[in-house]
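This report walks through one protein model.

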Amino acid sequence: MLLSMFRTGNFDILVFLYSLLAILVAISFHEYAHALTATRLGDDTPRLMGRLTIAPMKHIDPIGFISLMLVGWGWAKPVTINPGVSKTCAATRYWCRWPGRGPTS
């Protein structure tokens, strides 16, 4: 993202800051959705790890975030789940992946 702004010569600090804010909010709510889904299915692992929050610092992976800002491709810290402690193991795996179709541990 940042590299493409410099390459095209269309760098605008305000656009960059708004994009940064939007990405932080999106990542936070995305990962929170995974954590909330796991918790509602009976897995307390996300809550015990402090991931049941929309605070960006709990969800941001530093290398993934820098990569996202520089080249437009990155990642966040995945929410760890333990499907074995929930009532329905297969359903927990499916529904915890559904909010973003991302990997779960």
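## Overall picture

What percentage of the 105 residues of the protein count as buried? The share is 30%. Keep in mind that this is a predicted model.

The secondary structure consists of 6 helices and 0 strands. Along the sequence, the pattern reads α-α-α-α-α-α. Now take the contacts in the protein with a separation of 6 or more: 59% of them join residues 24 or more positions apart.

## Helix 2 against helix 5

Two packed helices are described by the angle between their axes and the distance between the axes. Here the pair is helix 2, residues 13-40, and helix 5, residues 62-71. Their axes come within 12 Å. They cross at roughly 140 degrees. Helix 2 is therefore oblique to helix 5, since angles count as roughly antiparallel when over 145 degrees. The crossing of helix 2 with helix 5 is right-handed.

Which residues make the contact? Helix 2 brings Phe16, Leu20, Ile23, Leu24 and Ile27. Helix 5 brings Phe65, Leu68 and Met69. By class, the contact of helix 2 with helix 5 has 8 nonpolar residues, no polar residues and no charged residues.

## The nonpolar core

The largest nonpolar core has 8 residues in all. Its members are Phe16, Ile23, Ile27, Ile60, Phe65, Leu68, Met69 and Ala76. Helix 2 supplies at least two residues of this core, and so does helix 5.

## Two residues up close

Leu68 lies in helix 5. Is Leu68 buried or exposed? Its relative accessible area is 18%. The cut-off for buried is under 20%, so Leu68 counts as buried. Leu68 and Leu20 are 48 residues apart along the chain. Their C-alpha atoms are separated by 9.8 Å.

Phe29 is found in helix 2. How does Phe29 count, and why? Its relative accessibility is 48%, so Phe29 counts as partly exposed; the label exposed needs over 50%. Phe29 and His59 are 30 residues apart in sequence. In space, C-alpha to C-alpha, Phe29 and His59 are 9.3 Å apart.

Conventions
Residues numbered from 1 in each chain as written. Predicted model: local features only at pLDDT ≥ 70, side-chain atom pairs only at ≥ 80, totals over all residues. Heavy atoms only, no water. Axes fitted to C-alpha atoms, helices over the stretch in contact; angles between N-to-C directions. Helix = DSSP H or I, 4+ residues; strand = E, 2+ residues; numbered from the N terminus. Parallel < 35°, antiparallel > 145°, perpendicular 65-115°, else oblique. Left-handed = near helix turned anticlockwise from the far one by under 90°. Contact = heavy atoms within 4.5 Å. Nonpolar A, V, L, I, M, F, W, Y, C, P; charged D, E, K, R; others polar. Core = buried A, V, L, I, M, F, W, Y, C linked by side-chain atoms within 4.5 Å. Buried < 20%, exposed > 50% of the residue type's maximum accessible area, 1.4 Å probe, protein only.
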